[in-house]
Amino acid sequence: MKTDLKYTRNIGIMAHIDAGKTTTTERILFYTGSTHRLGEVHDGNAQMDWMVQEQERGITITSAATTTYWNYRDQQYKINVIDTPGHVDFTVEVERSLRVLDGAVAVFCAVGGVEPQSETVWRQANKYGVPRIAFINKMDRAGADFYGVVQQIKERLGANPVPVQIPIGSEENFTGVIDLVYMKAVVWYPDEKLGVKYELEEIPAEMVEEAEEWRTSMLEAVAVVDDSLLERYFDDSQSISPDEVIDVLRRSALENIVVPVMCGASFKNKGVQRLLDGIVSFLPSPLDIGGITGADPRNDEPVNRGPDATEPMASLVFKIATDPFVGRLAFLRVYSGELKTGDMVLNTRTGKRERVNRLFQMHANKQNPIEKISAGDICAGVGFKDLVTGDTLCAINKPVVLESMDFPDPVIGVAIEPKTQHDFDKLSQALQKLAEEDPTFQVKTDPDSGQTVINGMGELHLEILVDRLRREFKVECNQGAPQVAYKEAITTVAEHREVFRKQSGGRGKFADIVVDIMPVEDGERGLVFVNEIKGGNVPKEYIPSVEKGFREAMYNGPLAGFPLDSLKVVLKDGSYHPVDSDSLSFEIAARQAFRSAAYKCNPILLEPIMSAEVVTPEEYVGDVVGDFNRRRGKVEGMESKAGSRVIKAKVPLAENFGYVTVLRTLTSGRATSTMEFSCYEEVPAEIAKRIVEITKGKIL
């Protein structure tokens, strides 16, 4: 089905866990005719939560893509929807989805409001400049407060929320909304078609004045884009047509000046059809977003690719998934040109050509084969040999590298071992496939014990991965206790001379370097290498080997063998032997120099600190705060919210394993908590000393 690009929307549904993302997406599929029965998260039959682990836990783990169509004002719109996870352990799924989407629907719970993961996904959307609309869900729940959530969006997220609807009633009396654009009441009536039908009615008399106030405030907010609109409103409000209001709201939303706010109750089938109208009215098409800028790999010159089928093909791989029937699926966003089945394309990371064996339009975990995909669309491809998340695929004769994606480092690890020799043979292959799918999942072999250690973003993340090993790959594993991903850092400067000399008959080895080792400036990561050698004391061809030696040495810090996140090395002087010196000698000298000099730089141990937020009844506040103090936590603030207290704290990850169980015990199961990685901080000296001793095997 050919669709004009201006009638295409690439959107994501994003929110905190349990705000109703998947339920809202299921209703979107139902009302657009993509499904003919409603899937429910709590029944384990939601279309978009297709993984066994998702159905068992009632949470979204992997972002699922689907394509559907919506008729609005006698025009059919194509909507590519990605339902993203809300749990912080799977935040990478949100990150890579937002990278390729044109717009987003941020779902908020009318009771919970702006919750911690809401803030995280909002920051991610800000990072990529994604225009969004807000949908305040669960208006039928006890404690629902539409206006309170609008205020929280303003205060906590620093956004400019502009309601385009206000609710009629709330909690069990929520019956509909007032559309401030058309100034009509939209009322849903219960029927056998699950609320498919709604009626446009006159605004209830007791709400006319309130509706006028909110309409004025809506027009004031968008006057930045079109100030003549506000003047006309005060002169003659009847002269402004709904189309003009929609146009100026759309322009404001595309420039991220305002966030249009809508509301409803997805589970009760109220508000979703109007949300679909809002998606096509206020969110951008690929044409609105315009071209994407990349770089020509041959000369690093900037290259622009427009959303046009006639331009050279350029696409970004934003996800890799393993399917039991078709193999490795690469999810692609095509930014320009056309991609056809059987095409040869260039992977600019590897410099190699890849053949597109088959293309699919995705519907959760089901694939519909298609012959070609055009600019502005999202699809999945099969047949690629060497692809990872963030790769650019482009036309062979017109290469371009699109901006890749950065992913956070894992903060927690667990040692695993296969139960049988048969499992041992399958384990490495299974881990490789999982690592290809998930950039925040890393596999390492401990050099001392020889154990396989898997690293991820949290306990739930690793639990799901081990469960997938068992179910999908039929690999049974034993696992150890979770381990914290510590790091090391140096705090002072040291000068060091390293002479590496080895004579074993015949040609020997020789390298001599003088270096300064120091911490980097704030914010920099990795190795900052400065070559200050003049006059050829060390030949140019050996300098990269010195850099390589220091880069590899950073993986094993001086205290306990934990990696260093950053390091600055200044190569000041040295010497070489015309016969015995070679690249390997200088590489070894650099490694030894690091080991010797790092001890002089006052090395410290760093640990991951988590941002925790606990919502608890008033009577348990003392117990919760006392427990945080026992865990070396720092309480940063408290506030009242919907009859409960919200406690915010920073807590070391090492003290937090099994926290959910302890919290349930402390509060008789009445408190809830969320946790996400915040930063790395120095470990107190006494605790650091014990960690070093345990790591080096002095304490058994």
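Student: How many salt bridges does the count come to here?

Tutor: Side chains of opposite charge can pair when their charged atoms come close. The count comes to 33 salt bridges, a salt bridge being a side-chain nitrogen of Lys or Arg within 4 Å of a carboxyl oxygen of Asp or Glu. Keep in mind that this is a predicted model, in which local features need pLDDT of at least 70 and side-chain atom pairs count only at pLDDT 80 or more, while totals for chains, interfaces and linings use all residues. Residues are numbered from 1 along each chain as its sequence is written, and side-chain values use heavy atoms, leaving out hydrogens and water.

Student: Which parts does the salt bridge between D243 and R73 tie together?

Tutor: In that pair the N to O distance is 2.6 Å. D243 belongs to helix α8 (residues 242-254) and R73 to the loop between β2 (64-72) and β3 (75-83), so the contact ties together parts that are 170 residues apart in sequence. Helices (H or I, at least four residues) and strands (E, at least two) are DSSP runs numbered from the N terminus. D243 is partly exposed at 44% relative accessibility, and R73 is partly exposed at 45%; buried means under 20% relative accessible area, exposed over 50%, and partly exposed in between (1.4 Å probe, protein chains only).

Student: Where do R156 and E639 lie?

Tutor: Their side chains meet in a salt bridge of 2.3 Å, N to O. R156 sits in helix α5 (residues 146-157) and E639 in strand β34 (residues 634-641), so this bridge joins parts 483 residues apart in sequence. E639 is partly exposed, at 30% relative accessibility.

Student: Which residues are linked in a network of salt bridges?

Tutor: The network links K548, E552, E587 and R591.

Student: How many aromatic pairs are there, and how should I read their angles?

Tutor: There are 9 aromatic pairs; rings of Phe, Tyr and Trp (its six-membered ring) pair if their centres lie within 6.5 Å, and planes under 30 degrees apart count as stacked, over 60 as edge-to-face and the rest as tilted. Y72 and Y77 form a tilted pair, with 6.3 Å from centre to centre and 55° between the planes, and both of these residues are buried. F146 and Y147 instead form an edge-to-face pair, at 5.1 Å and 85°; F146 is buried with a relative accessible area of 2%, whereas Y147 is partly exposed at 29%. Ring pairs also link Y7, Y72 and Y77 into a cluster.
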